[in-house]
Amino acid sequence: MEYGVQSIGRRGVNFINRTGGLFILFGKFIVSLKDIPRSMGLIFEQFYIIGVKSLPLIIIISIFVGAVTAWQAAYQFKFIGAPLRYLGHMVGKAVIMELSPVLSALVFAGRVGAGIAAEVGTMKVTEQIDALDSMGINPIRYLVMPRVLACLFMVPILVLFSDFIAIMGGLVISVLGVDISTETFMSGFRDSFKLADFRNGLIKALVFGLIIGLVGCYEGFKTSEGAVGVGRSTTTSVVISCVLVLVFNFIFAIILFRL
Amino acid sequence: MDKTFIQIENLYKSFNHMPVLNGVNLNINKGESIVIIGQSGCGKSVLLKHLIRLMEPDDGKVFIEGMNLSLLYGEQLVATRRRFGMLFQSAALFDSLTVAENVGLGLKESRRFEQSEIERVVAEKLEMVGLSGSAEKYPAELSGGMRKRVGLARAIANNPEVLLYDEPTTGLDPITSDIINDLIVDLNTKLKVTSVAVTHDMTSAFKIANRIVMLYEGKIEIDGTPEEIKNTDNEVVRQFITGRAHGPIQVR
Ligand SMILES: Nc1ncnc2c1ncn2[C@@H]1O[C@H](COP(=O)(O)OP(=O)(O)OP(=O)(O)O)[C@@H](O)[C@H]1O
Ligand SMILES: [Mg+2]
C-alpha cells in the first residue's frame with residue numbers, strides 16, 4: 001500500500017517526467033523535419049490514414065454539433081425574448097471559435113491519437129522499434145515525424161470541413177425546426193463573421209493536432225509490458241491529449257479572444 | 001584473423017534493481033563465430049542488445065574496433081549499426097510491411113541502392129532462407145519458424161560484417177534448423193562474417209561455433225573451443241550442456 005504523500009510525490013514526478021519527455025520528443029520532431037524530402041512517401045501515407053479516413057466521423061459529428069447549437073440557441077433566444085435573426089450570428093460564432101476546433105480535436109484524439117499510441121506501442125513491445133534502430137533507421141524520422149506532421153496538418157483541415165458542415169447543420173435545423181428563412185440565418189452569420197475568429201480557430205486546431213500527435217507517439221514509445229501496456233498507453237494518450245486540448249483551449253481563449 | 005572487433009568491458013545492467021549482467025568481460029575477434037549459451041532469463045538477449053546500443057549499460061563499456069559505442073551519435077551511430085545485422089529472438093518483423101519489404105527496408109532507407117538492385121538482393125536472401133514463395137505475404141500470415149527465417153534474411157540483407165543471432169534455430173524443425181546452421185557457417189567461412197549467436201540448441205551451438213562462452217549469474221562462466229566445452233569438468237557447464245535438472249544451477 002502506498003501512503004498519500006508518496007502517491008502524490010510519485011504523481012508529481014510522473015508529471016514532470018512526462019512534460020520533459022514531451023518537450024524532448026518535440027525537439028527531436030523539429031530536428032527530423034530536415035528529412036521531410038526523403039520521407040514524402042511515409043508522410044502522404046499518414047496524411048491518408050490519419051486525415052482522409054477521419055473525415056466521415058468528423059462530418060457526422062459536425063452535422064449534429066451544428067444542429068444542436070442552433071436548436072439550443074433558439075430555445076434560449078425564445079426564453080429571453082431575443083430576436084431570432086441573431087441565430088445565424090450565434091451558431092456561426094460558437095461553431096467557428098469553439099465547438100468545431102475543440103470537438104473535432106477531442107474526437108480526433110480518440111480516433112487518431114489512440115491509434116498512434118496503440119500502433120507505436122505494439123511496435124515497441126514487439127521489438128520492431130529496436131529492429132528499426134538496429135538497421136540504422138531513425139524511428140523518430142520513420143514513425144514520429146510523418147504521424148505528427150499528419151496530425152498537425154490534418155486537424156486544421158478537418159476543422160475547416162467541420163466549420164462548414166456544422167454551420168450547414170445549424171442552417172438546416174433553423175429553417176426546418178425553428179422556422180426562420182435561409183436568408184435571415186445567412187445574413188446573421190455574414191454580418192458577424194470575422195476572419196480573425198476563423199483564423200484563430202485554425203491556429204488552435206494546429207496546436208491541438210501537434211499535441212495529439214506528440215502525445216500519441218510519446219505514450220507509444222514509453223510502452224512496456226506487452227498487451228496490457230499497449231492498452232494502458234492507448235488510454236493514457238487519449239486522457240492526456242484531451243486534458244491538454246482543453247487546457248490549451250482555455251489559454252487560447254484568454255490570449256486570442258480578449259474581453 | 002585475431003584482431004579484436006568487439007570488446008565488452010565490465011558490463012553491468014540491472015532491471016528494477018535485479019542485476020542481470022554483473023560484470024561481463026568478453027572480446028570478440030574479427031571472423032570468429034562465437035556462441036553464447038546460458039539458461040533462459042540469464043541475460044543473453046540483453047547482452048546482445050548492448051552490442052549495438054539498443055540498451056545502455058548501467059556501467060562498463062562496449063568498444064567496436066576501439067570506439068566506445070556509448071560516445072557515438074547521429075550518423076556515426078547509424079554507420080556503426082549498419083555494419084551489424086541482427087536477428088531478434090521474436091523476429092521483430094514489421095507487421096505493416098510484406099516479407100519482401102521487410103527484407104529490403106534497410107537497403108531502401110539507406111538510399112544507396114536502386115529499386116531493381118534492392119529487388120534482386122531481396123530475392124536472393126529469401127532464396128537463401130528458403131522462402132522465395134512468401135515474398136508478398138505479410139508477417140501475420142507466416143508460421144513462427146518462417147518469421148524467424150524472414151528475420152534472418154532481413155539481418156543479412158545489407159551484407160553486414162557482424163551478425164548477431166538471437167536463437168536462430170528456436171522453433172524450427174531439425175531439417176530447417178540444419179539448413180540455417182549451414183547458412184550461418186557459410187556466411188562465417190565464405191563471407192568472413194563475424195557471428196555472435198545466442199542459442200539453447202547445443203547441436204546448433206557445436207555446429208556453428210569456433211568458440212563457446214557461457215553466461216551464468218551475470219558473468220562469463222566459461223570461454224573455450226567447442227572441444228574444451230565438451231570435455232570441461234566445470235559442473236555448471238556440464239549440467240547445462242547435458243541438460244540435467246539437478247546440479248549447481250538452481251532453476252528459479
Ligand atoms: N526491457 C526489460 N525490462 C525489464 N526487464 C528486462 C527487460 N529485458 C530483459 N529483462 C530481464 O532481464 C533478464 C534477462 O533477459 P533476457 O531476455 O536477456 O534473457 P535470455 O537469456 O535471453 O533468456 P531466453 O533464453 O529465455 O531468451 C530477465 O530476467 C528479464 O526479465
Ligand atoms: Mg533471449
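1. M40(A) counts as partly exposed at 35% relative accessibility, where buried means under 20% relative accessible area, exposed means over 50%, and partly exposed lies in between, with a 1.4 Å probe and protein chains only. In sequence M40(A) and P146(A) are 106 residues apart, yet their C-alpha atoms are 8.4 Å apart in space.

2. The model is a predicted one, in which local features need pLDDT of at least 70 and side-chain atom pairs count only at pLDDT 80 or more, while totals for chains, interfaces and linings use all residues. Residues are numbered from 1 along each chain as its sequence is written, chains are lettered from A and ligands numbered from 1 in the order in which they are written, and side-chain values use heavy atoms, with hydrogens and water left out.

3. On the contact between the chains, 21 residues of chain B touch 15 residues of chain A, contact being heavy atoms within 4.5 Å. The buried area between chain B and chain A is about 1,600 Å², and carbon and sulfur atoms give 53% of this; the term stands for the accessible area, with a 1.4 Å probe, that two parts lose on being put together, summed over both. On the side of chain B, R81(B), F94(B) and E109(B) lose the most area to chain A, and together they make up 31% of what that side buries.

4. Five salt bridges are counted between chain B and chain A, a salt bridge being a side-chain nitrogen of Lys or Arg within 4 Å of a carboxyl oxygen of Asp or Glu. One of them pairs K49(B) with E127(A), whose closest N and O atoms are 2.5 Å apart. The elements α2 (74–82), β6 and α3 of chain B each supply at least two residues of the side that touches chain A, and α3(B) gives the most, with four residues.

5. E109(B) also forms a salt bridge with R141(A), at 2.4 Å from N to O. This pair crosses between chains, reaching from helix α3 of chain B to helix α6 of chain A, residues 139–178. Both ends are buried, since E109(B) has 9% relative accessibility and R141(A) has a relative accessible area of 4%.

6. Over all chains, the count comes to 24 salt bridges. Within chain A, E219(A) and R18(A) meet at 2.8 Å, N to O, and this pair links helix α8 (residues 195–221) with helix α1 (residues 4–32), 201 residues apart; E219(A) is buried, at 3%. K204(A) and E98(A) form another salt bridge, at 3.3 Å from N to O, and because K204(A) lies in helix α8 and E98(A) in helix α4 (residues 87–125) of chain A, the pair ties together parts that are 106 residues apart in sequence. K204(A) is buried with a relative accessible area of 0%, whereas E98(A) is partly exposed at 26%.

7. Chain B holds an open sheet of four strands in the order β2-β1-β4-β5, with antiparallel pairing; two strands pair if DSSP finds at least two bridges between them. Since β2 and β5 (67–68) of chain B stand at the edges with a single partner strand each, one side of each is left without a neighbour in the sheet. Strand β1 (residues 4–15) is joined to β2 (residues 18–29) by nine bridges, with I28(B) as the bridge partner of I6(B) and S14(B) opposite P19(B). The hairpin of β1(B) and β2(B) has two residues between the strands, and there N16(B) takes a positive phi near 45 degrees.

8. The magnesium ion (ligand 2) is coordinated by OG of S45(B) and OE1 of Q89(B), at 1.9 to 2.1 Å. Donors are N, O and S atoms within 2.8 Å of the metal (3.2 Å for Na, K and Ca), and because water is not among the atoms, sites may look incomplete. S45(B) lies in helix α1 (residues 44–50) and Q89(B) in the loop between β6 (84–87) and α3 (99–110) of chain B, so the pair ties together parts that are 44 residues apart in sequence. Q89(B) is partly exposed, at 37% relative accessible area.
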